[in-house]
Amino acid sequence: MAVRPRPLTVAGVAVAGIVFLLVAGTIAAVAVRADGGAGLRPSDLAAIRFTLWQAVLSAILSVGLAVPVARALARRRFAGRRLLVTLLGAPFILPVIVAVLGLLMVFGRGGWINAAGTGMGLPPVSIYGPWGVVLAHVFFNLPLAVRLILQGWLAVPSERFRLAASLGLGPWATFRLIELPILRGIVPGAALIVFLVCTTSFAVALALGGGPRATTIELAIYQAFRFDFDLGRAALLALVQLAVTVAAATLALTVALPDTLGGGLDRHVARWDLARRWPDGIRIGLAALFLLLPLAALILRGVPNLAGLDTSAWLAAMRSVVTAMGATVLTLCAALPVAVAMQRLRWGRVVEGLASLAIAASPLVVGTGLFILIFPLVDPALMALPVTALVNAAMALPFAIRAIGPQVAQTEARYGPLADSLGLTGAARLRLLILPRLCRPLGFAAGLTAALSMGDLGVVALFADGRSETLPLHLYRLMGAYRMDDAAGAAVLLLALSLGAFWALDRGGRVDAGA
Amino acid sequence: MRLTMIGLTLSASLPVHAQDRPVLDVYTYDSFVAEWGPGPALEQAFEAQCACDLRFTAIGDGAAMLARLRLEGARTKADVVVGLDTALMAEAGATGLFAPSGIGNVDWALPVDWTDDTFVPYDWGWFAFVHDRDFDPPASFRDLAQSDASILIQDPRSSTPGLGLLLWVKAAYGDEAPDIWEGLADNIVTVTKGWSEAYGLFLEGEADMVLSYSTSPAYHLIAEGDDSRAAAAFDEGHYLQVEIAAALAGSDRPDLARDFLRFLTTDAAQGVLPTTNWMYPAVMPEQGLPDGFASLPKPDRTLEIPAEDVPAIRDQALQEWLSALAR
């Protein structure tokens with residue numbers, strides 16, 4: 001517990017405040033510009049119900065499937081494992097429109113699976129409908145859930161497994177005594193993140209949901225804006241979305257239990273309870289098939305068109321890289337203090353919640369709110385890239401603090417008293433104690449932010465003109481002009497940039513692989 | 001923050017040579033300003049005659065642009081908007097943001113009479129379902145509803161063609177529109193956010209037909225040399241979309257704005273639009289239509305709901321659409 005304010009803690013609280021201001025301020029800006037009375041319609045209630053239903057199911061399924069996959073990946077060492085882990089992250093960082101196309105090239109009516117099925121005389125399978133939405137959301141979020149849970153697993157001190165082995169514990173006892181407590185600490189948070197990502201879903205839900213039954217809150221907000229130009233209702237719906245989120249977050253964080261077992265010496269995790277190989281192999285293989293086939297479809301479709309990309313595509317790619325770098329630096333600068341403040345303060349959960357708010361905010365409302373605030377001051381097109389970097393950073397912050405937070409908590413719990421008794425505080429504590437233990441999650445957070453920002457098509461579409469278009473926006477504009485082949489080429493470029501950034505940064509955080 | 005500064009510099013690389021000339025700010029939609037769109041050619045042609053600097057700002061689509069203008073209100077820097085359409089015209093007119101165009105006596109090549117003195121048509125098209133040439137399309141919405149043909153459509157709440165289809169069915173069937181939608185429910189593979197998603201899915205083979213424009217096959221024919229796509233002619237007639245431009249009442253360059261509107265109706269602009277915006281020209285250019293346009297279907301009837309009736313009918317049609325498809 002903090003005795004006196006420390007700079008990192010203060011900075012963490014400040015970051016939480018800024019994110020809260022960003023979210024609440026933009027909703028307020030939209031509400032203030034509203035002309036008349038706002039009220040929810042019956043169709044809005046249906047949208048709220050559908051949003052919750054699909055988000056809860058998507059979260060449960062994503063995390064439920066992620067646990068065995070993450071466990072298998074944590075236990076096994078094989079050639080290409082690191083590459084596989086990086087590739088598995090790809091669906092999450094693609095612009096939705098691209099990922100949906102990839103998914104449908106495999107699972108759609110004209111996709112590979114139906115083509116193979118027809119060859120064997122099977123009736124066609126349709127992906128469209130409520131379950132299509134859930135399937136797509138699992139496709140997007142399973143990789144994220146796997147990575148978050150894998151982070152937790154890799155943080156288990158090797159000594160525990162060594163002890164378990166010397167005590168002759170079987171696989172079930174090892175799971176119950178060592179792995180289950182880790183899962184209880186990390187699964188609710190991971191499920192919450194997936195739930196939040198899915199609450200603001202819109203284009204995926206609509207395209208795979210098969211029609212207006214799959215209307216989410218975000219689509220209702222979209223309608224309020226462009227169909228009715230009812231800013232009051234848009235702001236109200238944004239508040240509902242936030243309220244739903246805060247309720248879910250409170251529930252999930254109450255369930256999460258910190259891991260309180262003893263610490264270790266950061267040795268490489270080795271396992272002695274590995275009897276049979278094939279169950280883990282099957283789990284990894286199935287997940288890889290599910291996640292990588294659509295990527296393969298996209299790559300096969302796009303690679304022949306890469307050479308045809310013109311200067312404007314490469315310029316857009318350059319802007320995307322710069323924006324992603326800006327967002328990454330911002331996120332890292334913000335995430336570390338938040339993670340420390342979360343750990344040190346009695347009301348750390350509140351800090352965490354506020355800092356995570358942006359993920360639950362409607363991108364359309366945040367973008368429009370910022371537009372209303374910025375427009376009187378500067379030409380919005382000039383601010384397109386800085387604003388995009390800022391919003392991307394805020395959206396990535398929840399992932400970053402989920403990745404870093406548990407590690408900071410463990411570090412403080414295990415070594416904090418010792419560090420206190422040694423008088424290790426301030427910059428020295430950060431340099432000697434905290435940062436060395438955070439390399440892995442910091443690298444992961446940086447990679448995730450860069451990749452997410454690279455693929456994001458949120459606020460930039462509201463601000464950008466021709467001179468500030470990013471690669472996702474360029475891709476979307478290509479598709480809007482019949483140029484599907486060029487768009488497929490741009491999608492492969494985007495995929496390569498996102499994965500490249502993720503791989504480089506994530507790898508940078510893995511300097512501790514030996515020991 | 002240095003990175004942010006780099007971003008600023010990248011985004012702010014405006015042409016320096018043009019600073020001493022008056023600037024005409026034109027808001028338009030995304031695909032208009034792309035290098036394959038009409039924007040670059042129009043900019044060059046107009047700047048050659050106006051001694052001004054024409055600057056396009058691209059904003060999503062027509063509805064997004066109107067929302068943006070309403071947010072900006074009278075303080076908008078826009079002098080002209082290009083890319084609203086007949087479905088948005090009444091709403092746009094009601095904002096009071098637009099000034100009379102000063103354009104009269106044009107020999108419009110539109111399938112309807114044009115009398116509005118604020119909004120200037122620059123191109124137009126019929127909504128139509130596009131299919132592969134070897135697919136035998138239904139001849140009407142009723143045929144379609146009874147067939148097992150699969151279609152991809154766009155959501156009217158987020159897409160211009162989606163709204164066009166809503167008005168098309170309403171204009172053709174009036175009070176029977178809900179029955180038509182209920183009949184179509186099992187033909188609809190899915191409803192997408194925008195045109196791009198639906199058309200992309202169609203090209204990947206997800207459905208027999210996609211809602212687009214009767215001019216879409218001309219793109220594949222002229223730009224790609226591919227004659228395998230066709231547009232289905234429906235007996236009910238086809239709904240018309242006229243794309244329009246207008247000058248802002250608050251513009252500080254009203255003469256230049258009106259010059260640009262007039263320029264849009266001349267050959268220099270109209271000759272460019274068919275093969276860049278893939279729509280019919282609002283005024284027939286001297287060279288006529290490009291070759292590929294001759295093979296496109298010409299509907300016997302053009303359907304249209306008068307602009308002033310659109311807002312009320314649109315809301316009712318949306319409710320009918322939602323309840324028919326939500327079952």
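**Notebook: chains A and B, interface and domains**

I started with the interface: 49 residues of chain B are in contact with 54 residues of chain A, contact being C-beta atoms, placed from the backbone, within 7 Å. On the chain B side, α1 (2–11), α2 (30–33), β2 (53–58), α4 (62–72), β7 (188–192), α9 (195–203) and α13 (310–325) each supply at least two residues. Helices here are DSSP runs of H or I with at least four residues, strands are E runs of at least two, and both are numbered from the N terminus. α1(B) gives the most to this side, with 7 residues. I sorted the side by class and got 25 nonpolar, 14 polar and 10 charged residues. My classes: Ala, Val, Leu, Ile, Met, Phe, Trp, Tyr, Cys and Pro are nonpolar, Asp, Glu, Lys and Arg are charged, and the others, Gly among them, are polar.

Ground rules, noted before going on. This is a predicted model, where local features need pLDDT of at least 70 and side-chain atom pairs count only at pLDDT 80 or more, while totals for chains, interfaces and linings use all residues. Residues are numbered from 1 along each chain as its sequence is written, and chains are lettered from A and ligands numbered from 1 in the order in which they are written.

**Confidence**

I looked up the scores next. The predictor gives the complex an ipTM of 0.83 and a pTM of 0.85. Chain B averages a pLDDT of 90, and 94% of its residues score at least 70; pLDDT is the predictor's confidence in each residue, from 0 to 100. Residues 1–16 of chain B have a pLDDT below 50, though the model gives this stretch 28 contacts beyond near neighbours in sequence. Where pLDDT is low, the predicted coordinates should not be read in detail.

**Chain B**

I find 13 helices and 12 strands in chain B. Its C-alpha trace spans about 65 × 55 × 40 Å along the principal axes. Buried residues make up 51% of the 327 (buried: 20 or more other C-beta atoms within 10 Å of the residue's own, with C-beta atoms placed from the backbone). Of the contacts between residues at least 6 apart in sequence, 78% join residues at least 24 apart.

21 residues of domain 1 of chain B are in contact with 19 of domain 2. On the domain 1 side, α4, α5 (89–94) and β10 (238–248) of chain B give two or more residues, and α5(B) has the largest share, 3 residues.

**Chain A**

Then I turned to chain A, which is divided into domain 1 (1–32 + 309–515) and domain 2 (39–301). The centres of these two, over C-alpha atoms, are separated by 20 Å. 46 residues of domain 1 of chain A are in contact with 48 of domain 2. α17(A) gives the most to the domain 1 side, with 11 residues. That side has 33 nonpolar, 7 polar and 6 charged residues.

I looked at α15(A) too: 6 of its 8 residues are buried, so α15(A) is largely enclosed by the rest of the structure. Among the buried ones are A:V351, A:E352 and A:L354.

How values were computed: Contact = placed C-beta atoms within 7 Å. Buried ≥ 20, exposed ≤ 12 C-beta atoms within 10 Å, placed from the backbone. Domains from an automatic or database assignment.
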